[in-house]
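Here is a short report on a single protein chain. Have the sequence and the model at hand while reading.

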Amino acid sequence: MSYKITFTKSGKTVTCEPDRTILEAAHASGGESPGSGQGGTCHTCAVKGEGLMETEEMLALTPRGLAAGWRVTCV
């Protein structure tokens with residue numbers, strides 16, 4: 001099952017397959033999104049998001065950041 005992701009600044013909606021990260025989907029669609037890593041250890045690609053996201057590998061975020069809706073898009 002694929003997911004639809006809408007970037008609020010650009011208004012662009014992209015499809016993200018379950019085996020890809022949001023950052024990969026953004027780059028593949030030609031979008032400009034900061035970050036090139038894949039480790040979840042920095043805040044470069046952090047966004048505030050809505051909807052369900054797996055958060056196990058989001059090492060850069062504190063429980064407080066996660067509760068506030070912040071997510072990193074590289075993992």
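## Cysteines

Cysteine 45 is buried, at 3% relative accessibility. Buried means under 20% relative accessible area, exposed over 50%, and partly exposed in between (1.4 Å probe, protein chains only). Cysteine 74 is also buried, at 6%.

A disulfide here is a pair of cysteine sulfur atoms within 2.5 Å. The whole structure contains zero disulfides.

## Model and confidence

This is a predicted model: local features need pLDDT of at least 70, side-chain atom pairs count only at pLDDT 80 or more, and totals for chains, interfaces and linings use all residues. Residues are numbered from 1 along each chain as its sequence is written, and side-chain values use heavy atoms, leaving out hydrogens and water.

The chain averages a pLDDT of 82 (the predictor's confidence in each residue, from 0 to 100). At least 70 is scored by 91% of the residues.

Arginine 20 sits in the loop between strand 2 (13-16) and helix 1 (22-28). Helices (H or I, at least four residues) and strands (E, at least two) are DSSP runs, numbered from the N terminus. Arginine 20 is partly exposed, at 37% relative accessibility. Its C-alpha atom is 12 Å from that of glutamate 54, 34 residues apart along the chain.

Threonine 21 lies in the loop between strand 2 and helix 1. Threonine 21 is buried, at 12%. Leaving aside residues up to four places away in sequence, threonine 21 contacts Cys16, Gln38, Thr73, Cys74 and Val75 (heavy atoms within 4.5 Å).
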